[in-house]
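Let's take a walk through this fold, one piece at a time. Have the viewer open and follow along.

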Amino acid sequence: MTRPEWLLVQSGAGHYDFNMALDEALLESMPTLGRPTLRFYGWIEPAASFGYFQRYTEVENLTPLRPLVRRPTGGGIVPHKDDWTYSVAFPPAHEWYSVPAVESYRRVHQWIHDAFGLLGIPTELAPATRQTQPGQCFAGFERFDLLRQGRKIAGAAQRRRRDGLLIQGSVQPPGSVVARSSWERAMRRVAEEQWSIRWQDLQVEGPLCSRARDLTRAKYSQPAYNQRR
């Protein structure tokens, strides 16, 4: 039996606007790429991303972090400084695309839970919602968020469009007990062992890079877009 192949993008630290633009470019590319794509990335400068449907005036009063960038996915405010950020995109023909949103949310956090388990770090999926500050992703938690010692350490937001499913997530690292590189290897290993995945590196070049740069210039770097609501 042929093992399914997923694509892997390790793009390193990027500017706030390009980070969001590349995720959207990957989503747009799903019908052409035809394979799930996992991306690991970071942030050159402290920033905050916020949900596609949030109001900018509310967001700017809830966090001192700047710059602020509107994500292509939903959810609340996510602080980006030392977090481990990732995204995963699925083409419309993939099974993950067709499951309910709550199930894809649970699956991605179960994946992270299992990766931390390989590293000897106990975590759990939140059994219920406990919000303390609406609009802030890491204030309180939603059902199926990832918790460590009762505190949320991983959250995600998602969006389904005709071209695919995009999940964007952030992990607040559990202190100095594990390196990011070890967690990324554990994420790949869980997929290999549980879903028989083969990984193929995808370079950000050619049309994909051009589209990401176009979205950076025309959309995610523009106050008119980020402040549109």
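## A bridge within one helix

Glu184 and Arg180 form a salt bridge, their closest N and O atoms sitting 2.7 Å apart. (A salt bridge here is a side-chain nitrogen of Lys or Arg within 4 Å of a carboxyl oxygen of Asp or Glu.) Both belong to helix H6 (residues 180–195), and because they are 4 residues apart, about one helical turn separates them. Glu184 counts as buried, at 11% relative accessibility. For the burial words, buried means under 20% relative accessible area, exposed means over 50%, and partly exposed is in between, with a 1.4 Å probe and protein chains only.

Before going further, some ground rules: this is a predicted model, where local features need pLDDT of at least 70, side-chain atom pairs count only at pLDDT 80 or more, and totals for chains, interfaces and linings use all residues. Residues are numbered from 1 along each chain as its sequence is written, and side-chain values use heavy atoms, with hydrogens and water left out.

## Bridges across the chain

How many salt bridges does the structure hold? The count is 14. One of them joins Arg198 to Glu5, with the closest N and O atoms 3.4 Å apart. Arg198 lies in strand S13 (residues 198–201) and Glu5 in strand S1 (residues 5–14), so this pair ties together parts that are 193 residues apart in sequence. Arg198 is partly exposed, at a relative accessible area of 34%.

Another salt bridge brings the side chains of Glu28 and Arg211 together at 2.7 Å, N to O. This one also links distant parts of the chain: Glu28 is in helix H1 (residues 16–28) and Arg211 is in helix H7 (residues 206–220), 183 residues apart. Glu28 is partly exposed at 26% relative accessible area, and Arg211 counts as partly exposed at 33%. There is also a network of salt bridges, and it links Glu24, Arg161, Asp163 and Lys219.

The chain has 8 helices and 13 strands. These are DSSP runs numbered from the N terminus: H or I with at least four residues for helices, E with at least two for strands. Strands pair if DSSP finds at least two bridges between them.

Strand S10 (residues 146–148) pairs with strand S11 (residues 151–161) in the antiparallel sense, over 3 bridges. Arg148 has Arg151 in S11 as its bridge partner. The two strands make a hairpin with 2 residues between them, and Gln149 in the turn has a positive phi of about 55 degrees. S11 then pairs with strand S12 (residues 164–171), again antiparallel, over 8 bridges. Here Arg160 has Leu165 in S12 as its bridge partner, and S11 and S12 form a hairpin with 2 residues between them.

In soluble globular proteins, nonpolar side chains tend to be buried together. The largest nonpolar core has 33 residues, and Tyr86, Trp111, Ile112, Phe116 and Trp183 touch the most other members. (A nonpolar core is a set of buried Ala, Val, Leu, Ile, Met, Phe, Trp, Tyr and Cys residues joined through side-chain atoms within 4.5 Å.) S1, strand S2 (37–43), strand S6 (84–90), helix H5 (101–118), S11, S12 and H6 each supply at least two residues of this core. H5 gives the most, with 6 residues. A second, separate core of 20 residues includes Ala47, Leu202, Leu208 and Leu215.

## A look at Met20

Is Met20 buried or exposed? Met20, found in helix H1, is buried, with a relative accessible area of 1%. Not counting residues up to four places away in sequence, Met20 touches Tyr41, Trp43, Val69, Arg70, Arg71, Pro72, Gln168 and Tyr220; contact means heavy atoms within 4.5 Å. The C-alpha atoms of Met20 and Thr216 are separated by 7.9 Å, although these residues are 196 apart along the chain.

## The whole chain

Of the 229 residues, 53% count as buried. The C-alpha trace spans about 50 × 45 × 35 Å along its principal axes. Among contacts between residues at least 6 apart in sequence, 70% join residues at least 24 apart.
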